[in-house]
Amino acid sequence: MREISKETLDALATQAIELPSWAFGNAGTRFKVFTTPGTPRTIQEKLADAAQVNRLTGLAPSVALHIPWDLVDDYTKLSEYAQDLGVRLGTINSNTFQDDAYKFGSLTNVDPRIRQKAIDHHYECIDVMHATGSEDLKIWLPDGTNYPGQGDIRGRQDRLADSLQKIYDRLGDEQRLVLEYKIFEPYFYTMDVPDWGTSYAHVTALGERAFVCLDTGHHAPSTNIEFIVAQLLRLGRLGSFDFNSRFYADDDLIVGSADPFQLFRILFEVVRGGGMEAGSPVRFMLDQCHNIEDKIPGQIRSVLNVQEMTARALLVDQPALRAAQDAGDVLAANAVFMDAFYTDVRPALAEWRESRGLPADPIAAYAKSGYAQVIVGERVGGTQAGWGA
Ligand code: LRH
Ligand code: MN
Ligand code: MN
């Protein structure tokens with residue numbers, strides 16, 4: 001068993017995991033969306049719930065917004081509201097997947113007026129970022145085709161490059177563009193940004209402040225995600241993670257629930273590639289939906305899963321690993337790696353949390369806090385937020 005060193009705890013103390021505002025609404029599947037009593041009706045209520053996660057874990061100081069799901073008149077005021085709750089507004093996610101105009105594409109559309117409409121939407125997102133002080137504009141592009149021959153694959157890439165450049169050029173000096181990829185869905189033959197290579201090609205063409213976003217649910221089954229992490233870190237273009245778990249497709253389940261070992265392997269490459277170091281461009285975010293489980297404890301469980309696997313990744317004895325690798329000692333190298341993975345860090349982390357004035361068991365503390373009962377009592381009337389509002 002390896003001890004958790006002071007350096008490991010210091011590294012963990014700097015970890016921040018952004019929460020998605022949409023995780024607090026009723027969402028999770030294209031089939032039955034089960035409602036939960038106490039679900040937020042407004043972005044302010046979503047922020048209040050997110051603040052509970054941060055208060056109990058110390059791990060989630062910011063909340064990502066989706067525009068227009070989280071539309072308000074005054075984002076400066078919303079930002080102040082968040083600050084009063086002890087959190088801040090983070091990544092602004094654009095949305096071109098709910099508008100009739102985008103049936104045949106948004107930033108890739110053959111019609112220049114529709115492309116301009118999509119570009120203008122991103123300009124509005126950048127305005128929001130100026131008001132909120134957000135650093136990242138995240139673009140997940142829903143564009144694609146369903147049938148061979150339906151669209152000109154090459155032409156769509158050319159139009160995409162042109163649209164992205166117009167958006168990138170509008171960013172402030174401190175702002176970044178993060179381009180998320182996804183293998184399929186909503187289209188099933190081609191997606192215009194289906195993989196990390198396509199995202200990488202576009203972001204490198206744009207400039208230094210453009211990065212790739214890796215959503216862990218957006219790959220073909222059995223893709224070696226940690227390899228992609230290592231490569232993007234090596235190239236200096238890994239901008240952010242959307243963490244979640246999947247068994248089949250884009251399942252958006254609690255991160256680390258389906259395959260904790262994969263999360264460990266990913267976080268090991270993050271550590272190995274300097275992604276935990278000060279000044280690293282890598283940001284952690286959750287992108288999850290909670291359909292059958294309670295949302296606030298679901299988010300608490302998620303950030304703790306990331307923290308626990310990061311602790312295990314930091315525990316890998318890197319000099320011993322390197323020595324075994326260099327000596328060609330396959331089994332010794334694997335043993336060093338597995339030793340860290342099998343180390344139960346939970347008791348040590350619970351103690352450490354208490355030493356920092358946090359509850360040893362944040363999920364139990366949430367259950368005891370009575371917050372769930374308060375929001376169930378208070379949030380009556382109005383319309384509960386769902387995926388999309
Ligand atoms: C697309 C996606 C993307 C969206 C979010 C709601 O599947 O992962 O990040 O913004 O879901
Ligand atoms: Mn995502
Ligand atoms: Mn997704």
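## Overall fold

The secondary structure of this chain amounts to 14 helices and 10 strands. With a radius of gyration of 21 Å, close to the 21 Å that the globule rule gives for 389 residues, the chain is as compact as a globular protein of that length. The C-alpha trace spans about 60 × 60 × 40 Å along its principal axes. The model is predicted.

## Annotated domain

An unreviewed UniProt entry lists residues 71-220 as "domain: Xylose isomerase-like TIM barrel". In the model, this span is 40% helix and 17% strand. The C-alpha atoms at its two ends, those of residues 71 and 220, lie 33 Å apart.

## Packing of α5 and α6

Two packed helices are described by the angle between their axes and the distance between the axes. For helix α5 (residues 153-170) and helix α6 (residues 196-206), the angle is about 45 degrees and the axes are 10 Å apart. At that angle, α5 is therefore oblique to α6. The crossing in which α5 passes α6 is right-handed.

On the α5 side, the residues in contact are L160, A161, L164, Q165 and Y168; they meet H202, A205 and L206 of α6. By class, six residues of this contact are nonpolar and two are polar, with no charged residue.

## Packing of α9 with α13

Helix α9 (residues 295-315) packs with helix α13 (residues 362-369) at an angle of about 160 degrees, and their axes are 9 Å apart. Angles over 145 degrees count as roughly antiparallel, so α9 is roughly antiparallel to α13. α9 passes α13 in a right-handed crossing.

The α9 residues that make this contact are I296, P297, I300, R301 and L304. Their counterparts in α13 are P362, I363 and Y366. Seven residues of the contact of α9 with α13 are nonpolar, one is charged and none is polar.

## Packing of α9 with α1

α9 also packs with helix α1 (residues 6-13): their axes come within 10 Å and cross at roughly 140 degrees. This crossing of α1 and α9 is right-handed.

From α1, the residues T8, A11 and L12 take part in the contact. From α9, the residues are Q307, T310, A311, L314 and L315. The contact of α1 with α9 has five nonpolar and three polar residues, and no charged ones.

## Backbone exceptions

Most residues other than glycine have a negative phi, and most peptide bonds are trans.

A cis peptide bond with omega of about 20 degrees joins I67 and P68. P68 is in the loop between β2 (62-66) and α3 (75-84). The peptide bond from E185 to P186 is also cis, with omega near 15 degrees. P186 is placed in the loop between β6 (176-180) and β7 (190-191).

S222 is not a glycine, yet its phi is positive, at about 65 degrees. S222 lies in the loop between β8 (210-215) and α7 (225-235).

How values were computed. Residues numbered from 1 in each chain as written. Chains lettered and ligands numbered in written order. Predicted model: local features only at pLDDT ≥ 70, side-chain atom pairs only at ≥ 80, totals over all residues. Axes fitted to C-alpha atoms, helices over the stretch in contact; angles between N-to-C directions. Helix = DSSP H or I, 4+ residues; strand = E, 2+ residues; numbered from the N terminus. Parallel < 35°, antiparallel > 145°, perpendicular 65-115°, else oblique. Left-handed = near helix turned anticlockwise from the far one by under 90°. Contact = placed C-beta atoms within 7 Å. Nonpolar A, V, L, I, M, F, W, Y, C, P; charged D, E, K, R; others polar. UniProt positions renumbered as here; feature names shortened; annotations may be inferred. Rg over C-alpha atoms; globule rule 2.2 N^0.38 Å.
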